Amino acid sequence: GYESFDTKVHERGPRSQRAVHKAIGDAAKSMAQVVEEMRNNKLLDERARSRLADDVVGPLEKLRDGELARARDLADAIVAATDEAGKVAKSKEAGELSRAIVGEIQTIINHMKRVTDLAELVARLREIMKKQRDLMEETRRGKSDNK
C-alpha cells in the first residue's frame with residue numbers, strides 16, 4: 001500500500017506501525033522471560049539458551065529499537081508531509097523498509113523454529129534415556145530375582 005501511494009494506508013500507517021512496534025516489543029520481552037525461565041529451571045543447555053537469546057531475543061529487540069522505530073517515524077512523516085513529492089518519497093521508503101522488516105521477522109521465526117526443533121529433540125532424547133534407564137533397572141531386578 002505504501003508503494004502504491006494508497007491514502008488509506010497512509011492514514012492507517014501510524015496506528016498500524018505502533019501496533020506492530022508494540023507486538024514486537026512484547027514478543028521480545030516474552031522471549032527474554034522464556035530464556036530466563038529456561039536458565040532458572042535448567043532446561044536445555046546453556047548453548048541452546050544462548051542461541052535463543054542471540055538468534056531470537058536480540059534480533060527482536062534490535063528490530064524494535066531500529067527498523068520498527070524508523071518505520072513508525074516514517075508513517076508519521078507521511079501523514080505530516082504537505083508536499084506531494086515528499087509524501088511519495090517517504091511512502092516509497094516506508095514500503096522498502098516494511099519489506100525489509102518482514103524479511104527480518106521471517107528470519108527470526110526461522111531461528112525460533114530451529115530452537116523449538118532442538119527443544120523437541122532434547123525432550124525426545126531425554127525420554128529415550130529414561131526408557132533405557134528403566135529397562136536397565138528392570139533387567140537388574142530380574143537378574144537379582146533369579147539368584
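Colleague: What makes the crossing of helix 1 and helix 2 left-handed?

Modeller: In this predicted model, helix 1 passes helix 2 in a left-handed crossing, a term used if the near helix is turned anticlockwise from the far one by less than a right angle, and right-handed if clockwise. Residues are numbered from 1 along each chain as its sequence is written. Local features need pLDDT of at least 70, side-chain atom pairs count only at pLDDT 80 or more, totals for chains, interfaces and linings use all residues, and side-chain values use heavy atoms, without hydrogens and water.

Colleague: Why is helix 1 called roughly antiparallel to helix 2?

Modeller: The axes of helix 1 (residues 7–40) and helix 2 (residues 46–65) come within 9 Å and cross at roughly 160 degrees. Angles over 145 degrees count as roughly antiparallel, under 35 as roughly parallel, 65 to 115 as roughly perpendicular and the rest as oblique, and therefore helix 1 is roughly antiparallel to helix 2.

Colleague: Which residues does Leu52 touch?

Modeller: Leaving aside residues up to four places away in sequence, Leu52 touches Met31, Val34, Val35, Met38, Val57 and Val115, where contact means heavy atoms within 4.5 Å.

Colleague: Why is His111 called buried?

Modeller: His111, which lies in helix 4, has a relative accessible area of 17%. Buried means under 20% relative accessible area, exposed over 50% and partly exposed in between, with a 1.4 Å probe and protein chains only, so His111 is buried. Not counting residues up to four places away in sequence, His111 touches Asp55 and Val56.

Terms used:
Axes are lines fitted to C-alpha atoms, for helices over the stretch in contact, and angles run from 0 to 180 degrees between N-to-C directions. Helices (H or I, at least four residues) and strands (E, at least two) are DSSP runs, numbered from the N terminus.
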